[in-house]
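Hi everyone, thanks for coming.

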Amino acid sequence: MAYNKPIPVPQGESDVYWQNAKKGELWLRYCNSCKEAYFFPTDICRAIPCANPRDTKWIQASGKATLYTFAIVGYETGKAPHPGFEAPYVTAIVELEEGPTMPTNIVMDDPTPEKLQIGMPLEVVFEDITDEIALPKFKPV
Amino acid sequence: MTDLRKTAAIVGVDESDEIGKVPDKSNLQHHAEAAHNALADAGLSLKDVDGLFTAGTSTLQLGEYLGVKPSFVDTTAVGGSSFIIHIAHAIAAIDAGYCDVALVTHGEAGRSMRSRPGGNASDPDPQYQTPYGFIGQPVAYSMAARRYMHMYGEDKTRQGMAEIAVATRKWALKHPKSYMKDEMSFDDYHNSRWISWPFHLLDCCLVTDAGGAFVITSAERAKDTAKKPGYILGAAEGQTHGMISQMPDLTRTNAVNSGPKAMEMAGITHSDIDLAMIYDSFTYTVMATLESLGFCGPGEAADFVANQRTAPGGDFAMNTNGGGLSHTHSGMYGMFLILEAVRQLRGECGDRQIKDHNIALVNGTGGSLSSTGTTVLAVD
């Protein structure tokens with residue numbers, strides 16, 4: 001069946017993110033002034049104050065993360081809010097080893113609140129959804 | 001009208017880095033580059049900015065992208081003249097003390113924008129959240145609630161959510177125009193189906209058709225109107241993020257800022273408030289908001305609302321119309337908070353009329369727990 005969920009459209013400042021995701025790598029934007037990585041990637045650092053918001057670069061993330069919070073959409077009912085999604089599915093915010101948090105899905109069969117513990121270790125996996133796009137998702141280690 | 005002549009000036013101007021045909025930049029990049037450049041032109045930076053004005057995009061998205069957390073926002077969008085109109089708004093806002101440095105930005109990759117037909121898929125939300133099924137506010141708010149549960153206890157949080165759902169329904173039954181007409185027991189709450197765990201159906205607001213309006217005039221002219229005026233004693237606002245995944249603290253809303261500001265302007269304290277109208281998009285929204293407004297401390301909302309304290313007859317009157325949870329929720333429900341506050345202050349609420357009704361606090365929450373507006377209303 002054709003993939004019929006929403007598909008990201010990369011922008012100039014996120015091309016590197018999505019191109020590397022397609023290769024199975026997670027990359028983050030990093031501010032040389034703040035000495036911090038951040039998500040989502042923008043050419044200009046979003047921290048305030050920042051001594052030099054344009055002094056930023058790409059770094060590769062380890063792909064390790066912990067679970068910050070989650071929800072189980074359509075838990076026990078199987079009802080998804082949008083065509084293409086098969087409920088139940090887990091939406092999550094994960095905290096990357098490098099510091100930033102990012103939105104994602106937790107890949108897991110038959111998710112339950114008990115199987116998902118905040119703080120649990122996770123690692124990135126990539127789901128190929130088109131010829132150009134792979135979505136970084138996370139699974140329990 | 002206040003004489004605003006020479007009360008403000010335009011102190012910085014610039015374009016984005018490149019204009020013309022710029023194939024690899026999004027709308028928001030143009031906004032951001034121009035913002036940095038114009039501020040530099042003024043010898044200022046984003047840390048000085050407390051007012052954010054734009055048209056054609058939400059300041060939630062724009063503020064998040066810039067990294068700014070403004071205390072005054074305006075997205076008046078009336079076509080190409082919008083940014084001229086923003087000048088008048090900015091002057092008034094500055095004169096009133098709502099902001100000191102107003103940033104007005106525009107960015108539109110009209111020629112080169114990459115997006116699919118039928119939607120601007122290039123923006124951050126459709127690029128980073130929507131593909132994962134972050135669709136609809138129950139998903140966003142339930143993740144915030146799960147984080148709160150982690151910090152303060154799942155059972156206790158659940159109990160607070162249930163108290164709010166049940167108490168609010170009791171009020172709704174006293175309002176003749178309420179959508180929900182049946183009683184709700186605690187069992188009904190706990191047995192309702194899951195929408196997005198940890199949210200039950202009965203944690204979520206209604207989806208209804210509704211309209212509302214209110215009229216503001218000067219205090220002077222208000223003396224000659226038909227009903228008792230609901231004077232605006234204080235008002236404050238602000239935003240912290242656009243996407244739920246960018247929210248600085250999933251358990252604290254911007255009401256931590258707009259609440260104290262509005263109350264300070266009004267010259268009141270919590271004990272002066274007779275009625276709290278708190279946007280209840282979800283039961284959890286109320287818990288986070290009560291704490292953010294300082295009615296109780298972090299993690300204390302469940303205790304605060306325990307034993308049906310906010311229900312009819314309880315000692316904390318809240319959401320006496322029955323709320324977005326049980327009265328009506330058309331989408332932008334904030335309108336109805338104001339209607340109920342004014343009616344209660346006037347003493348027009350019949351069976352649900354509260355006894356003391358001199359001062360009401362209204363707090364609206366918008367987006368994904370993203371923005372708040374707090375106002376304090378009073379009658380003489």
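Predicted model: local features only at pLDDT ≥ 70, side-chain atom pairs only at ≥ 80, totals over all residues.

Residues are numbered from 1 along each chain as its sequence is written, chains are lettered from A and ligands numbered from 1 in the order in which they are written, and side-chain values use heavy atoms, with hydrogens and water left out.

Okay, find B:Gln239. Leaving out residues up to four places away in sequence, B:Gln239 touches B:Thr59, B:Leu60, B:Gly63, B:Lys69, B:Pro70, B:Val73, B:Asn254, B:Ser370 and B:Ser371. Where does B:Gln239 sit? It's in strand S6 of chain B, residues 231–239; helices (H or I, at least four residues) and strands (E, at least two) are DSSP runs, numbered from the N terminus.

Is B:Gln239 buried or exposed? The cut-offs are under 20% relative accessible area for buried, over 50% for exposed, and partly exposed in between, with a 1.4 Å probe and protein chains only. B:Gln239 has 2%, so it counts as buried. Its side chain also has a polar atom 2.4 Å from the backbone oxygen of B:Thr59. A polar contact, by the way, is a pair of N or O atoms within 3.5 Å; within protein, one must be able to donate a hydrogen and the other to accept it, and residues adjacent in sequence count only if both atoms are side-chain atoms.

Now zoom out to chain B. There are 13 helices and 9 strands in chain B. Its radius of gyration is 22 Å, close to the 21 Å that the globule rule gives for 380 residues, so chain B is as compact as a globular protein of that length. That radius is taken over C-alpha atoms, and the rule is 2.2 Å times the number of residues to the power 0.38. Those C-alpha atoms fill a box of roughly 65 × 55 × 35 Å along the principal axes. Of the 380 residues in chain B, 55% are buried. And among its contacts with a separation of 6 or more, 69% come from residues 24 or more positions apart.

Last stop: B:Ile87, in helix H3 of chain B, residues 82–96. B:Ile87 counts as partly exposed because its relative accessibility is 34%.

How values were computed. Contact = heavy atoms within 4.5 Å.
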